[in-house]
Amino acid sequence: MLSRTMLPDALQRLLNSMADALFPAKCLGCGRLFQHDPGTPPAGHPNGFSAAMAAHFCPPCRDTWVAVASPLCSRCGLVFKSREGEDHLCGRCLDRPGAFTRARAAGIYANALQSAIHALKFKSQVSLAGPLGALLFDTFRHHWTDGDIDVVAPVPLHRHRFRRRGFNQAYLLVRRWALPDAILVVRDLLVRTRATAPQTGLDRKQRRINIRNAFSVSRPGQSTGKRVLLVDDVLTTGATADACAAALIRDGARRVDVLTLARAL
């Protein structure tokens with residue numbers, strides 16, 4: 001018996017269409033049943049969300065995705081309200097630059113992207129890690145070139161939260177990246193040494209205090225001289241990213257950049 005992967009493309013498309021008609025998907029955004037278009041073009045920055053999430057969101061909800069675009073802060077990636085002008089440092093980065101060098105994100109933390117991240121993190125829909133990870137990889141290739149990064153490191157969870165959730169969403173996003181041999185994905189480059197209260201609802205100063213000294217390197221010297229890319233799902237004030245970057249810089253990292261799926265406004 002032939003597997004579906006061995007069938008001719010035309011027959012495969014027909015079977016997919018029949019399956020969609022018989023078993024429509026439920027949109028993660030609005031909850032309505034829909035039939036996704038199997039002919040959706042491949043993912044690519046900056047409009048890759050619609051392609052990557054075609055099986056999970058109806059077309060109107062996919063259209064609510066907003067890619068991060070200039071003008072933005074050249075360091076932390078904050079998107080400016082004014083849509084005119086060039087990239088430049090925001091006031092916060094001028095006053096307090098922090099430990100990481102540059103942060104970039106795929107999209108704005110709202111609408112369909114926010115729903116997708118919540119479904120992955122809080123509803124254990126780990127199947128979303130594949131398409132979201134592909135979207136994040138496209139964003140990585142858009143902003144970083146060959147030779148820019150030596151190590152990719154997911155932001156860690158505390159062991160208590162990891163046990164409750166069962167996975168680290170940041171690691172799931174990067175584990176299937178097709179990286180050159182020169183770039184390593186190090187799952188435990190950092191460890192979270194103490195449990196902290198959730199950052200949600202805290203202002204910038206409170207977040208910084210809450211996360212202070214919460215991270216350390218798992219093996220001293222592992223990041224020495226390395227250009228590290230920290231990966232997480234959302235960047236809000238940058239307090240967590242700064243705390244992680246500070247731990248890596250103390251260990252001798254050459255520089256630390258940050259990449260997230262979403263950037264909060």
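## Cavity

The count comes to 1 cavity of 30 Å³ or more in this predicted model. A cavity here is a set of points, on a 1 Å grid over the protein atoms alone, where a 1.4 Å probe fits but cannot get out. Grid points are joined across faces, edges and corners, and a volume is the space filled by probe spheres set on the points. Rolling a probe the size of a water molecule over the atoms shows where empty space is left.

The largest cavity has a volume of about 80 Å³. Its lining has 13 residues, and those closest to the centre are Cys76, Arg92, Arg204, Thr237 and Arg263. Lining residues have an atom within 4 Å of a point. By class, the lining holds 5 nonpolar, 3 polar and 5 charged residues. Ala, Val, Leu, Ile, Met, Phe, Trp, Tyr, Cys and Pro count as nonpolar; Asp, Glu, Lys and Arg as charged; the others, Gly among them, as polar.

## Basis of the model

Residues are numbered from 1 along each chain as its sequence is written, and side-chain values use heavy atoms, with hydrogens and water left out. As the model is predicted, local features need pLDDT of at least 70 and side-chain atom pairs count only at pLDDT 80 or more, while totals for chains, interfaces and linings use all residues.

## Overall fold

The protein chain has 10 helices and 9 strands. These are DSSP runs numbered from the N terminus: helices are H or I with at least four residues, strands E with at least two. Of the 265 residues, 46% are buried. Buried means under 20% relative accessible area, exposed over 50%, and partly exposed in between (1.4 Å probe, protein chains only).

The chain exposes about 13800 Å², and carbon and sulfur atoms supply 53% of that area. Areas come from the Shrake-Rupley method with a 1.4 Å probe. Take contacts (heavy atoms within 4.5 Å) between residues at least 6 apart in sequence: 69% of them join residues at least 24 apart.

## Cysteines

The structure holds 0 disulfides. A disulfide is a pair of cysteine sulfur atoms within 2.5 Å. Cys27 is in none, and its nearest cysteine sulfur, that of Cys61, is 3.6 Å away. Cys27 is buried at a relative accessible area of 3%.

Cys30 is partly exposed, with a relative accessible area of 36%.

## Backbone exceptions

Most residues other than glycine have a negative phi, and most peptide bonds are trans. The bond from Ser70 to Pro71 is cis, with omega near 5°. Pro71 sits in the loop between helix H3 (59-62) and helix H4 (91-95).

Asn111 is not a glycine, yet has a positive phi of about 55°. Asn111 belongs to helix H5 (residues 111-122) and is partly exposed at 42% relative accessible area. Ser124, also not a glycine, has a positive phi of about 60°. Ser124 is in the loop between H5 and helix H6 (129-143). Its relative accessibility of 45% counts as partly exposed.

Asn168 is in the loop between helix H7 (159-165) and helix H8 (169-174). Asn168 is buried, with a relative accessible area of 10%. Leaving out residues up to four places away in sequence, Asn168 touches Pro154, Val155, Pro156, Leu157 and Phe162.

Gln206 lies in helix H9 (residues 204-211) and is partly exposed at 39% relative accessible area. Gln206 and Ala239 are 33 residues apart in sequence, and their C-alpha atoms are 9.3 Å apart in space.

Note on methods. On a 1 Å grid over the protein atoms alone, a cavity is a set of points where a 1.4 Å probe fits but cannot get out, and a pocket is an open set with protein on both sides within 12 Å along at least five of seven lines; lining residues have an atom within 4 Å of a point.
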